[in-house]
Amino acid sequence: MVSPTSDSGARAMLAGVRHSEFWQLMEDEFGAGYARSVARDQVVAALGGRTADEALAAHVPPRQVWFALCDVMDVPSERRWGRADRKPDRRGPGR
């Protein structure tokens, strides 16, 4: 079993990131109130000039949206995989 705190374990967990996991990552990084504002207002060139909300509505994978936002919002690489103290979903990624 891959450790969820290792780089490869975290990548495996995010490979099938769901919308709920996307929002948890957003809230962990930006705070509950600001996360919604970022998703609604921040236009991201890598998402075709769309906001995160628009990209998700257009069926862009949440993982792609998350990393595009990380790039434009200068989220440090050590925080792009989520909080290290959060326990992983025992059902496995994307379930």
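1. Let's start with Asp-74: at 64% relative accessibility, this residue is exposed (exposed is over 50% relative accessible area, buried is under 20%, and partly exposed is in between, using a 1.4 Å probe and protein chains only). Asp-74 sits in the segment after H5 (helices are DSSP runs of H or I with at least four residues, strands are E runs of at least two, and both are numbered from the N terminus). Its phi is positive, about 55 degrees, although Asp-74 is not a glycine. For background, most residues other than glycine have a negative phi.

2. A word on what you're looking at. This is a predicted model, where local features need pLDDT of at least 70 and side-chain atom pairs count only at pLDDT 80 or more, while totals for chains, interfaces and linings use all residues. Residues are numbered from 1 along each chain as its sequence is written, and side-chain values use heavy atoms, with hydrogens and water left out.

3. Confidence is lowest in helix H1 (residues 7-15), with a mean of 45, and highest in H4, at 97. Over residues 1-14 the pLDDT is below 50, and this stretch has 20 contacts in the model beyond near neighbours in sequence (a contact means heavy atoms within 4.5 Å). Residues 90-95 also stay under 50, and there the model has seven contacts beyond four places in sequence. Where pLDDT is low, the predicted coordinates should not be read in detail.

4. His-59 is another residue to look at for its backbone. Its phi is near 70 degrees, a positive value in a residue other than glycine. You'll find His-59 in the loop between H4 and H5, and at 70% relative accessibility it counts as exposed.

5. Now helix H3, residues 32-41. Which of its residues are buried? Ala-35, Val-38 and Ala-39 are. Looking down the axis of H3, the buried residues fall within an arc of 95 degrees, so they line one face of the helix (the arc is that of the directions from the helix axis to the C-beta atoms). The cover over them includes helix H2 (19-30), helix H4 (52-57) and helix H5 (62-72).

6. On to the rings: the structure holds three aromatic pairs. One of them is Phe-22 with Trp-23, edge-to-face at 5.0 Å centre to centre and 80 degrees between the planes (rings of Phe, Tyr and Trp, the last by its six-membered ring, pair if their centres lie within 6.5 Å; planes under 30 degrees apart are stacked, over 60 edge-to-face, the rest tilted). Both Phe-22 and Trp-23 are buried. Trp-23 also has the charged end of Arg-36 over its ring, 3.8 Å from the centre (this needs NZ of Lys or CZ of Arg within 6 Å of the ring centre and within 35 degrees of the ring normal).

7. Phe-30 and Tyr-34 make another edge-to-face pair, 6.1 Å centre to centre with 75 degrees between the planes. Phe-30 is buried, with a relative accessible area of 15%, whereas Tyr-34 is partly exposed at 45%.

8. Finally, back to the segment after H5, where Arg-80 has its place. Arg-80 is buried at 17% relative accessible area, and its side chain reaches the backbone oxygen of Val-75 at 2.8 Å. Gly-82 lies in the segment after H5 as well and is partly exposed at 22%. The C-alpha atoms of Gly-82 and Leu-25 are 5.7 Å apart, although 57 residues separate them along the chain.

Methods:
pLDDT = per-residue confidence, 0-100. Polar contact = N/O pair within 3.5 Å; in protein donor to acceptor, adjacent residues only side chain to side chain.
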